[in-house]
Amino acid sequence: AALDYLARRLPRVPIGVIAVSLGGAALVLSEPESKAAAVVLESVYPTIESAVANRLESTFGSPGTWLAPLLLWQLAPRTGIAPEQLRPMKHIANLGAPLLLLHGDADRSTRLFEAYQLFAAAREPKTIWVVPGAAHVDLYRHSGADYERKVLEFLSKSLKLYPD
């Protein structure tokens with residue numbers, strides 16, 4: 001709805017989106033696909049199954065992963081949404097915009113190999129940047145000026161804010 005509003009208000013202005021974690025997943029899963037001209041995703045999970053299992057493991061240790069199927073089993077009856085509908089990895093190719101995927105190499109909520117799975121499923125043009133030492137959604141705190149430079153360069157180029 002926010003992107004539709006902006007597109008109506010500013011019909012000739014390209015829209016860039018920065019979306020983090022669950023917000024990034026929501027953008028990727030949105031229907032119809034977003035009207036964004038450039039997308040920055042930070043710390044987005046590839047599937048709801050992995051997101052739930054990782055968070056339970058972070059909280060309760062390895063026994064926590066045994067709880068994930070029980071929690072996910074309740075999802076459809078309680079919400080009307082099946083786990084299969086909450087897999088950004090299956091929808092990311094539909095973005096239709098240049099992508100900058102950001103991830104911390106110390107993220108325990110979404111593992112680094114899962115970020116690479118998500119990245120592999122995306123269409124070109126795409127770029128991934130892994131921030132050393134960063135966990136879940138604290139990339140800016142770990143990289144400050146580098147974060148600003150990477151994101152602003154990507155948006156400037158993708159949105160053609162400063163034509164050559």
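Modeller: Let's start with burial: a residue is buried under 20% relative accessible area, exposed over 50%, and partly exposed in between (1.4 Å probe, protein chains only). This is a predicted model, where local features need pLDDT of at least 70 and side-chain atom pairs count only at pLDDT 80 or more, while totals for chains, interfaces and linings use all residues. Residues are numbered from 1 along each chain as its sequence is written, and side-chain values use heavy atoms, with hydrogens and water left out.

Biologist: What share of the 164 residues in the protein chain is buried?

Modeller: Buried residues account for 44% of them.

Biologist: Which residues touch the most other members in the largest nonpolar core?

Modeller: A nonpolar core is a set of buried Ala, Val, Leu, Ile, Met, Phe, Trp, Tyr and Cys residues joined through side-chain atoms within 4.5 Å. In the largest one, with 30 residues, Val39, Leu41 and Ile92 touch the most other members. The largest share of this core, five residues, is from α3. There is also a second, separate core of 13 residues, including Val131 and Phe154.

Biologist: And what does Val39 contact beyond four places in sequence?

Modeller: Contact means heavy atoms within 4.5 Å. Leaving aside neighbours within four places, the partners of Val39 include Val17, Leu27, Leu99 and Phe154.

Biologist: Where is Ser143 found, and is Ser143 buried or exposed?

Modeller: Ser143 is part of helix α7 (residues 139–159) and is buried, at 13% relative accessible area. Not counting residues up to four places away, Ser143 touches Trp129 and Val131.

Biologist: How do I read an aromatic pair?

Modeller: A pair of aromatic rings is described by the distance of the centres and the angle of the planes. Rings of Phe, Tyr and Trp (its six-membered ring) pair if their centres lie within 6.5 Å; planes under 30 degrees apart are stacked, over 60 edge-to-face, and the rest tilted. By this rule there is one aromatic pair. The ring centres of Tyr140 and Tyr147 are 5.6 Å apart with planes at 90 degrees, so the pair is edge-to-face. Tyr140 is partly exposed, at 41% relative accessible area, whereas Tyr147 is buried, at 10%.

Note on methods: Helix = DSSP H or I, 4+ residues; strand = E, 2+ residues; numbered from the N terminus.
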